[in-house]
Amino acid sequence: MPAFDNPFNPHVRLGAACTCGKHGSQAEHDAGSARDEPAAGDAETLNARVIQSAVMRALFPRDATRRRFLAAVGSSGALAAISSLVPFGALEAMAQDKGPLEKKDLKIGFIPITCATPLIMADPLGFYRKQGLNVTLNKTAGWALIRDKMLNKEHDASHFLSPMPLAISLGLGSAAQAMNVATIQNINGQAITLHVKHKDKRDPKLWKGFKFAVPFDYSMHNYLLRYYVAEHGLDPDRDIQIRAVPPPEMVANLRADNIDGFLAPDPVNQRAVYDGVGFIHLLSKEIWEGHPCCAFAASKEFVSTMPNTYRALLKAIIDATAYASKPDNRKEIAAAIAPANYLNQPVTVVEQVLTGTFADGLGNVRKVPDRIDFDPFPWQSFAVWILTQMKRWGYVKGEVRYKDIVEQVYLTTDAKKRMKEEGILAPAEMPRKIVVMGKPFDVAKPDAYVESFAIKKSA
(Lines give C-alpha, C1' and ligand atoms only; values in the text may rest on other atoms or scores of the structure.)
Protein backbone atom coordinates (compact mmCIF):
# COMPACT_ATOMS: atom_id res chain seq x y z
CA MET A 1 0.00 0.00 0.00
CA PRO A 2 1.59 3.35 -1.02
CA ALA A 3 2.15 6.18 1.42
CA PHE A 4 -0.31 9.08 1.28
CA ASP A 5 -0.62 12.58 2.66
CA ASN A 6 -1.47 13.29 6.28
CA PRO A 7 -4.28 15.89 6.15
CA PHE A 8 -3.30 17.22 9.56
CA ASN A 9 0.34 17.82 8.65
CA PRO A 10 1.30 17.91 4.95
CA HIS A 11 4.99 17.49 5.87
CA VAL A 12 4.38 14.03 7.32
CA ARG A 13 3.65 11.01 5.16
CA LEU A 14 1.51 8.11 6.25
CA GLY A 15 2.42 4.57 5.32
CA ALA A 16 1.09 1.08 5.60
CA ALA A 17 3.59 -0.05 8.21
CA CYS A 18 3.07 2.64 10.89
CA THR A 19 0.59 1.69 13.58
CA CYS A 20 -0.20 5.25 14.64
CA GLY A 21 -0.63 6.63 11.13
CA LYS A 22 1.83 9.49 11.51
CA HIS A 23 5.08 7.98 10.20
CA GLY A 24 6.39 6.55 6.96
CA SER A 25 7.40 3.31 8.62
CA GLN A 26 7.18 1.51 11.93
CA ALA A 27 10.89 2.12 12.44
CA GLU A 28 10.31 5.86 12.23
CA HIS A 29 7.41 5.49 14.61
CA ASP A 30 9.55 3.64 17.17
CA ALA A 31 12.47 5.99 16.84
CA GLY A 32 10.40 9.15 17.03
CA SER A 33 11.87 10.37 13.74
CA ALA A 34 13.16 13.93 13.80
CA ARG A 35 11.48 14.71 10.51
CA ASP A 36 8.10 14.27 12.18
CA GLU A 37 8.83 16.85 14.86
CA PRO A 38 8.22 20.57 14.47
CA ALA A 39 11.14 22.96 14.41
CA ALA A 40 12.57 23.85 17.79
CA GLY A 41 10.21 26.16 19.66
CA ASP A 42 7.38 25.63 17.18
CA ALA A 43 4.82 24.94 19.91
CA GLU A 44 1.88 26.07 17.83
CA THR A 45 2.64 23.46 15.14
CA LEU A 46 2.90 20.79 17.82
CA ASN A 47 -0.36 21.88 19.48
CA ALA A 48 -2.17 21.84 16.16
CA ARG A 49 -0.81 18.43 15.22
CA VAL A 50 -1.60 16.86 18.59
CA ILE A 51 -5.17 18.16 18.58
CA GLN A 52 -5.83 17.27 14.94
CA SER A 53 -4.29 13.84 15.30
CA ALA A 54 -6.31 13.15 18.46
CA VAL A 55 -9.53 14.14 16.71
CA MET A 56 -8.68 11.91 13.74
CA ARG A 57 -8.05 8.98 16.02
CA ALA A 58 -11.26 9.56 17.95
CA LEU A 59 -13.24 9.55 14.72
CA PHE A 60 -11.38 6.55 13.23
CA PRO A 61 -9.95 4.48 16.09
CA ARG A 62 -9.01 1.60 13.77
CA ASP A 63 -5.85 2.21 11.75
CA ALA A 64 -7.09 0.45 8.62
CA THR A 65 -10.34 2.43 8.57
CA ARG A 66 -8.49 5.68 9.08
CA ARG A 67 -6.12 4.95 6.21
CA ARG A 68 -8.92 3.96 3.84
CA PHE A 69 -10.70 7.22 4.61
CA LEU A 70 -7.59 9.28 3.92
CA ALA A 71 -6.85 7.38 0.73
CA ALA A 72 -10.41 7.88 -0.49
CA VAL A 73 -10.83 11.62 0.12
CA GLY A 74 -7.28 12.96 0.12
CA SER A 75 -5.59 15.25 2.60
CA SER A 76 -7.45 18.48 1.87
CA GLY A 77 -10.81 16.72 1.66
CA ALA A 78 -10.31 14.97 4.99
CA LEU A 79 -9.33 18.15 6.79
CA ALA A 80 -12.21 20.10 5.26
CA ALA A 81 -14.75 17.43 6.13
CA ILE A 82 -13.65 17.08 9.73
CA SER A 83 -13.17 20.82 10.22
CA SER A 84 -16.85 21.29 9.38
CA LEU A 85 -17.66 19.32 12.54
CA VAL A 86 -14.80 20.26 14.87
CA PRO A 87 -13.76 23.84 15.79
CA PHE A 88 -10.01 23.27 15.41
CA GLY A 89 -9.21 26.98 15.66
CA ALA A 90 -10.88 27.27 19.05
CA LEU A 91 -9.34 24.06 20.33
CA GLU A 92 -5.84 25.05 19.24
CA ALA A 93 -6.13 28.52 20.76
CA MET A 94 -7.37 27.05 24.01
CA ALA A 95 -4.44 24.63 24.03
CA GLN A 96 -2.02 27.51 23.49
CA ASP A 97 -3.88 29.95 25.76
CA LYS A 98 -2.38 33.00 24.13
CA GLY A 99 -2.99 35.48 21.39
CA PRO A 100 -4.80 38.82 21.10
CA LEU A 101 -8.55 39.13 21.05
CA GLU A 102 -9.83 38.93 17.49
CA LYS A 103 -12.72 41.24 18.41
CA LYS A 104 -13.16 43.39 21.50
CA ASP A 105 -16.48 45.13 20.77
CA LEU A 106 -19.28 42.60 21.11
CA LYS A 107 -23.06 42.69 20.99
CA ILE A 108 -24.90 40.21 23.18
CA GLY A 109 -28.67 39.71 23.23
CA PHE A 110 -30.73 39.06 26.34
CA ILE A 111 -34.32 38.80 27.52
CA PRO A 112 -35.00 40.77 30.76
CA ILE A 113 -35.38 37.84 33.15
CA THR A 114 -33.36 36.69 36.17
CA CYS A 115 -32.27 33.56 34.28
CA ALA A 116 -29.79 35.84 32.49
CA THR A 117 -28.33 37.15 35.75
CA PRO A 118 -24.67 36.17 35.07
CA LEU A 119 -24.74 37.55 31.54
CA ILE A 120 -26.40 40.82 32.63
CA MET A 121 -24.47 41.48 35.84
CA ALA A 122 -21.17 40.91 34.02
CA ASP A 123 -21.73 44.36 32.49
CA PRO A 124 -22.35 46.66 35.51
CA LEU A 125 -20.06 44.64 37.79
CA GLY A 126 -17.12 44.69 35.34
CA PHE A 127 -16.62 41.03 34.46
CA TYR A 128 -16.46 41.74 30.72
CA ARG A 129 -14.03 44.63 31.16
CA LYS A 130 -11.75 42.42 33.25
CA GLN A 131 -11.30 40.22 30.16
CA GLY A 132 -10.63 43.17 27.86
CA LEU A 133 -14.07 43.08 26.26
CA ASN A 134 -16.35 45.99 25.45
CA VAL A 135 -19.81 44.42 25.53
CA THR A 136 -23.08 46.04 24.52
CA LEU A 137 -26.07 44.21 25.99
CA ASN A 138 -29.10 44.41 23.70
CA LYS A 139 -32.41 43.93 25.51
CA THR A 140 -34.65 41.96 23.14
CA ALA A 141 -38.42 41.58 23.18
CA GLY A 142 -38.85 37.85 22.63
CA TRP A 143 -37.18 34.56 21.87
CA ALA A 144 -37.99 34.42 18.17
CA LEU A 145 -36.29 37.80 17.78
CA ILE A 146 -33.29 36.63 19.83
CA ARG A 147 -32.97 33.66 17.49
CA ASP A 148 -33.32 35.76 14.33
CA LYS A 149 -30.73 38.30 15.47
CA MET A 150 -28.25 35.49 16.03
CA LEU A 151 -29.02 33.94 12.65
CA ASN A 152 -28.57 37.35 11.01
CA LYS A 153 -25.30 37.92 12.93
CA GLU A 154 -26.62 41.08 14.62
CA HIS A 155 -25.51 39.53 17.91
CA ASP A 156 -22.13 37.92 18.50
CA ALA A 157 -23.46 35.72 21.29
CA SER A 158 -26.72 35.49 23.16
CA HIS A 159 -28.84 34.52 26.10
CA PHE A 160 -30.90 31.52 24.97
CA LEU A 161 -33.39 29.12 26.42
CA SER A 162 -31.33 25.95 26.84
CA PRO A 163 -33.30 23.96 24.21
CA MET A 164 -32.92 26.70 21.57
CA PRO A 165 -29.34 25.99 20.42
CA LEU A 166 -30.36 22.36 19.89
CA ALA A 167 -33.43 23.41 17.90
CA ILE A 168 -31.51 25.95 15.79
CA SER A 169 -28.72 23.45 15.09
CA LEU A 170 -31.35 20.95 13.92
CA GLY A 171 -33.26 23.51 11.85
CA LEU A 172 -36.41 23.25 13.99
CA GLY A 173 -38.51 26.40 13.63
CA SER A 174 -35.81 28.21 11.67
CA ALA A 175 -33.04 27.76 9.16
CA ALA A 176 -30.40 25.41 10.52
CA GLN A 177 -27.23 27.01 11.88
CA ALA A 178 -24.72 25.25 14.11
CA MET A 179 -24.80 26.66 17.64
CA ASN A 180 -22.63 25.92 20.67
CA VAL A 181 -23.76 26.12 24.29
CA ALA A 182 -20.87 27.57 26.27
CA THR A 183 -22.53 27.60 29.70
CA ILE A 184 -25.84 27.08 31.43
CA GLN A 185 -26.94 30.45 32.83
CA ASN A 186 -29.12 29.22 35.67
CA ILE A 187 -30.73 26.19 37.24
CA ASN A 188 -34.24 26.19 38.76
CA GLY A 189 -35.67 29.74 38.69
CA GLN A 190 -39.12 29.15 37.21
CA ALA A 191 -42.60 28.63 38.59
CA ILE A 192 -46.18 27.84 37.71
CA THR A 193 -48.23 30.94 38.50
CA LEU A 194 -52.03 31.00 38.36
CA HIS A 195 -54.51 33.86 38.26
CA VAL A 196 -55.74 34.83 41.73
CA LYS A 197 -59.25 33.70 40.78
CA HIS A 198 -57.97 30.09 40.73
CA LYS A 199 -56.90 29.81 44.36
CA ASP A 200 -59.47 27.06 44.84
CA LYS A 201 -58.15 25.06 41.85
CA ARG A 202 -54.76 23.87 43.09
CA ASP A 203 -55.37 20.34 41.77
CA PRO A 204 -54.12 20.16 38.15
CA LYS A 205 -56.92 17.73 37.34
CA LEU A 206 -59.20 20.79 37.55
CA TRP A 207 -57.28 22.64 34.85
CA LYS A 208 -59.09 21.26 31.80
CA GLY A 209 -59.75 24.14 29.44
CA PHE A 210 -57.14 26.41 31.05
CA LYS A 211 -55.03 28.66 28.85
CA PHE A 212 -51.34 28.72 29.79
CA ALA A 213 -48.45 30.81 28.54
CA VAL A 214 -44.86 29.68 28.13
CA PRO A 215 -42.03 31.82 26.72
CA PHE A 216 -41.37 29.73 23.60
CA ASP A 217 -42.03 26.31 22.09
CA TYR A 218 -38.37 25.35 22.49
CA SER A 219 -38.14 26.05 26.21
CA MET A 220 -37.78 24.18 29.46
CA HIS A 221 -40.95 25.99 30.53
CA ASN A 222 -42.96 24.30 27.78
CA TYR A 223 -41.48 20.86 28.42
CA LEU A 224 -41.81 21.05 32.22
CA LEU A 225 -45.41 22.28 32.01
CA ARG A 226 -46.27 19.47 29.60
CA TYR A 227 -44.55 16.94 31.83
CA TYR A 228 -46.32 18.23 34.94
CA VAL A 229 -49.87 18.20 33.59
CA ALA A 230 -49.34 14.86 31.82
CA GLU A 231 -48.27 13.30 35.12
CA HIS A 232 -51.64 14.49 36.47
CA GLY A 233 -53.54 12.85 33.62
CA LEU A 234 -54.02 15.82 31.27
CA ASP A 235 -52.99 15.78 27.63
CA PRO A 236 -51.27 19.15 27.08
CA ASP A 237 -52.30 19.20 23.42
CA ARG A 238 -55.98 18.41 24.05
CA ASP A 239 -56.98 19.26 27.61
CA ILE A 240 -55.31 22.66 27.96
CA GLN A 241 -54.05 25.39 25.65
CA ILE A 242 -50.40 26.38 25.63
CA ARG A 243 -49.37 29.53 23.82
CA ALA A 244 -46.03 31.30 23.46
CA VAL A 245 -45.95 34.75 25.09
CA PRO A 246 -42.79 36.86 25.60
CA PRO A 247 -41.98 37.04 29.33
CA PRO A 248 -42.36 40.87 29.56
CA GLU A 249 -45.98 40.50 28.37
CA MET A 250 -47.09 37.64 30.63
CA VAL A 251 -48.25 39.60 33.68
CA ALA A 252 -50.29 41.97 31.50
CA ASN A 253 -51.97 38.98 29.84
CA LEU A 254 -52.74 37.45 33.23
CA ARG A 255 -54.17 40.76 34.47
CA ALA A 256 -56.35 41.05 31.34
CA ASP A 257 -57.65 37.50 31.93
CA ASN A 258 -56.30 36.37 28.55
CA ILE A 259 -54.62 33.42 30.24
CA ASP A 260 -55.25 31.39 33.38
CA GLY A 261 -51.61 31.00 34.28
CA PHE A 262 -48.10 30.43 33.02
CA LEU A 263 -44.95 28.47 33.61
CA ALA A 264 -42.53 31.34 33.37
CA PRO A 265 -39.05 32.49 34.27
CA ASP A 266 -38.62 34.97 37.06
CA PRO A 267 -39.06 37.79 37.88
CA VAL A 268 -42.35 37.27 35.99
CA ASN A 269 -43.85 35.03 38.69
CA GLN A 270 -42.84 37.34 41.52
CA ARG A 271 -44.06 40.39 39.65
CA ALA A 272 -47.52 38.77 39.28
CA VAL A 273 -47.59 38.36 43.08
CA TYR A 274 -46.26 41.90 43.60
CA ASP A 275 -49.03 43.30 41.39
CA GLY A 276 -51.70 41.19 43.13
CA VAL A 277 -52.84 39.38 39.97
CA GLY A 278 -51.36 35.94 40.54
CA PHE A 279 -50.06 33.41 43.07
CA ILE A 280 -47.20 30.93 42.88
CA HIS A 281 -48.67 27.45 42.61
CA LEU A 282 -45.40 25.55 42.34
CA LEU A 283 -41.69 26.29 41.93
CA SER A 284 -40.13 24.47 39.00
CA LYS A 285 -37.50 22.95 41.30
CA GLU A 286 -40.38 20.96 42.82
CA ILE A 287 -40.79 19.29 39.42
CA TRP A 288 -37.08 18.73 38.79
CA GLU A 289 -34.52 19.79 41.36
CA GLY A 290 -31.54 21.38 39.60
CA HIS A 291 -33.03 21.54 36.12
CA PRO A 292 -31.45 23.87 33.54
CA CYS A 293 -33.33 26.91 32.30
CA CYS A 294 -31.32 29.31 30.17
CA ALA A 295 -27.98 29.06 28.42
CA PHE A 296 -25.28 31.28 26.99
CA ALA A 297 -24.47 30.36 23.42
CA ALA A 298 -22.69 31.46 20.28
CA SER A 299 -22.57 30.23 16.74
CA LYS A 300 -20.10 27.51 15.90
CA GLU A 301 -18.60 29.95 13.40
CA PHE A 302 -17.91 32.49 16.16
CA VAL A 303 -16.33 29.84 18.39
CA SER A 304 -14.13 28.60 15.54
CA THR A 305 -13.03 31.89 13.99
CA MET A 306 -12.62 33.96 17.16
CA PRO A 307 -11.18 31.48 19.67
CA ASN A 308 -9.37 34.06 21.83
CA THR A 309 -12.44 36.30 22.04
CA TYR A 310 -14.61 33.29 22.78
CA ARG A 311 -12.25 32.18 25.54
CA ALA A 312 -12.31 35.64 27.14
CA LEU A 313 -16.10 35.79 26.90
CA LEU A 314 -16.46 32.35 28.43
CA LYS A 315 -14.15 33.31 31.28
CA ALA A 316 -16.19 36.44 31.99
CA ILE A 317 -19.46 34.48 32.09
CA ILE A 318 -18.03 31.70 34.26
CA ASP A 319 -16.59 34.24 36.73
CA ALA A 320 -19.93 36.06 36.87
CA THR A 321 -21.80 32.79 37.37
CA ALA A 322 -19.52 31.83 40.26
CA TYR A 323 -20.11 35.24 41.85
CA ALA A 324 -23.88 34.91 41.40
CA SER A 325 -23.88 31.45 42.97
CA LYS A 326 -22.89 32.91 46.38
CA PRO A 327 -25.95 33.89 48.45
CA ASP A 328 -24.11 36.78 50.12
CA ASN A 329 -23.83 38.52 46.76
CA ARG A 330 -27.47 38.29 45.74
CA LYS A 331 -28.70 41.65 47.11
CA GLU A 332 -25.85 43.49 45.43
CA ILE A 333 -26.63 41.72 42.16
CA ALA A 334 -30.36 42.49 42.47
CA ALA A 335 -29.60 46.20 42.77
CA ALA A 336 -27.23 46.01 39.77
CA ILE A 337 -29.62 44.28 37.36
CA ALA A 338 -33.00 45.77 38.41
CA PRO A 339 -32.67 49.14 36.54
CA ALA A 340 -34.59 49.97 33.38
CA ASN A 341 -31.78 49.15 30.97
CA TYR A 342 -31.67 45.60 32.35
CA LEU A 343 -34.71 43.97 34.05
CA ASN A 344 -36.78 47.13 34.59
CA GLN A 345 -38.21 45.77 37.85
CA PRO A 346 -38.53 47.00 41.44
CA VAL A 347 -35.45 45.95 43.37
CA THR A 348 -37.62 44.20 45.98
CA VAL A 349 -39.08 41.92 43.28
CA VAL A 350 -35.63 40.91 42.04
CA GLU A 351 -34.35 40.47 45.60
CA GLN A 352 -37.21 38.11 46.47
CA VAL A 353 -36.28 35.92 43.51
CA LEU A 354 -32.51 35.91 44.04
CA THR A 355 -32.54 35.53 47.83
CA GLY A 356 -35.36 32.99 47.88
CA THR A 357 -37.28 34.79 50.63
CA PHE A 358 -40.53 35.71 48.96
CA ALA A 359 -44.28 36.22 49.22
CA ASP A 360 -46.17 33.49 47.33
CA GLY A 361 -49.49 35.31 46.86
CA LEU A 362 -51.26 32.87 49.15
CA GLY A 363 -50.49 34.77 52.34
CA ASN A 364 -47.18 33.03 53.01
CA VAL A 365 -43.59 34.23 53.12
CA ARG A 366 -41.49 31.32 51.91
CA LYS A 367 -37.75 30.78 52.33
CA VAL A 368 -36.24 28.73 49.51
CA PRO A 369 -32.57 29.76 49.12
CA ASP A 370 -32.14 27.75 45.92
CA ARG A 371 -35.33 29.00 44.28
CA ILE A 372 -32.83 30.04 41.59
CA ASP A 373 -29.20 29.03 41.44
CA PHE A 374 -26.30 29.42 39.06
CA ASP A 375 -24.16 26.56 37.80
CA PRO A 376 -22.36 27.11 34.49
CA PHE A 377 -21.64 23.51 33.56
CA PRO A 378 -23.45 22.50 30.32
CA TRP A 379 -24.26 18.91 31.20
CA GLN A 380 -24.83 16.86 28.07
CA SER A 381 -27.39 14.77 29.97
CA PHE A 382 -29.50 17.96 30.17
CA ALA A 383 -29.46 18.16 26.39
CA VAL A 384 -30.39 14.50 25.97
CA TRP A 385 -33.39 14.94 28.29
CA ILE A 386 -34.48 18.01 26.31
CA LEU A 387 -34.28 16.03 23.06
CA THR A 388 -36.44 13.26 24.57
CA GLN A 389 -39.16 15.80 25.28
CA MET A 390 -38.87 17.28 21.81
CA LYS A 391 -39.44 13.77 20.48
CA ARG A 392 -42.18 12.97 23.01
CA TRP A 393 -44.25 15.98 21.92
CA GLY A 394 -43.57 15.78 18.19
CA TYR A 395 -41.17 18.71 17.78
CA VAL A 396 -38.64 16.34 16.24
CA LYS A 397 -39.62 13.21 14.36
CA GLY A 398 -37.93 9.99 13.38
CA GLU A 399 -34.63 8.71 14.70
CA VAL A 400 -32.75 11.09 16.98
CA ARG A 401 -28.98 10.67 17.18
CA TYR A 402 -28.83 11.96 20.73
CA LYS A 403 -25.13 11.53 21.42
CA ASP A 404 -23.97 13.01 18.12
CA ILE A 405 -26.21 16.05 18.49
CA VAL A 406 -25.40 16.94 22.08
CA GLU A 407 -21.65 16.50 21.67
CA GLN A 408 -21.65 19.00 18.83
CA VAL A 409 -23.83 21.56 20.64
CA TYR A 410 -22.98 21.39 24.38
CA LEU A 411 -19.27 22.22 24.86
CA THR A 412 -18.58 20.46 28.16
CA THR A 413 -14.81 20.16 27.66
CA ASP A 414 -14.36 23.90 27.13
CA ALA A 415 -16.47 24.75 30.17
CA LYS A 416 -14.63 22.32 32.40
CA LYS A 417 -11.23 23.71 31.40
CA ARG A 418 -12.23 27.34 31.90
CA MET A 419 -13.82 26.56 35.27
CA LYS A 420 -10.59 24.93 36.42
CA GLU A 421 -8.57 27.95 35.27
CA GLU A 422 -10.80 30.26 37.28
CA GLY A 423 -10.41 28.15 40.40
CA ILE A 424 -13.96 26.79 40.20
CA LEU A 425 -14.49 23.13 41.01
CA ALA A 426 -15.68 21.46 37.83
CA PRO A 427 -17.92 18.41 38.23
CA ALA A 428 -16.26 15.01 38.15
CA GLU A 429 -19.32 12.79 37.86
CA MET A 430 -20.58 12.26 34.31
CA PRO A 431 -23.40 12.33 33.46
CA ARG A 432 -25.43 14.26 36.02
CA LYS A 433 -28.28 12.28 37.53
CA ILE A 434 -31.74 13.46 36.54
CA VAL A 435 -34.98 12.71 38.39
CA VAL A 436 -38.19 14.42 37.23
CA MET A 437 -41.24 14.11 39.48
CA GLY A 438 -39.72 11.02 41.09
CA LYS A 439 -38.93 9.29 37.79
CA PRO A 440 -35.21 8.66 37.07
CA PHE A 441 -33.90 9.37 33.59
CA ASP A 442 -31.36 6.94 32.15
CA VAL A 443 -29.31 9.01 29.72
CA ALA A 444 -28.13 5.81 28.02
CA LYS A 445 -31.71 4.80 27.09
CA PRO A 446 -33.45 7.94 25.77
CA ASP A 447 -35.81 6.19 23.35
CA ALA A 448 -37.02 3.79 26.05
CA TYR A 449 -37.65 6.83 28.26
CA VAL A 450 -39.83 8.44 25.57
CA GLU A 451 -41.80 5.27 25.07
CA SER A 452 -42.36 4.84 28.82
CA PHE A 453 -44.85 7.71 29.01
CA ALA A 454 -48.56 6.96 28.74
CA ILE A 455 -49.30 10.44 27.40
CA LYS A 456 -47.29 11.63 24.40
CA LYS A 457 -47.83 12.93 20.89
CA SER A 458 -49.49 10.38 18.63
CA ALA A 459 -47.30 9.23 15.77
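Student: What is the bridge partner of valine 214 in β10?
Tutor: Alanine 244 is the bridge partner of valine 214. This is a predicted model, where local features need pLDDT of at least 70, side-chain atom pairs count only at pLDDT 80 or more, and totals for chains, interfaces and linings use all residues. Residues are numbered from 1 along each chain as its sequence is written, and side-chain values use heavy atoms, with hydrogens and water left out.

Student: In which sense do β9 and β10 pair?
Tutor: Parallel, over four bridges, with β9 covering residues 211-214. Two strands pair if DSSP finds at least two bridges between them. Strands are DSSP runs of E with at least two residues, helices are runs of H or I with at least four, and both are numbered from the N terminus.

Student: What is the strand order in that sheet?
Tutor: The order is β10-β9-β11-β8-β12, in an open sheet of five strands with mixed pairing. At the edges are β10 and β12 (278-283), each pairing on one side only.

Student: New topic. Where is aspartate 235?
Tutor: Aspartate 235 sits in the loop between α9 (220-231) and β10 (241-244).

Student: Is aspartate 235 buried or exposed?
Tutor: Buried, because its relative accessible area is 15%. Buried means under 20%, exposed over 50%, and partly exposed in between, using a 1.4 Å probe and protein chains only.

Student: What does aspartate 235 contact, leaving aside neighbours within four places in sequence?
Tutor: Ile240 and Ile455. Contact means heavy atoms within 4.5 Å.

Student: And how much of the chain is buried?
Tutor: Buried residues are 54% of the 459 in the chain.
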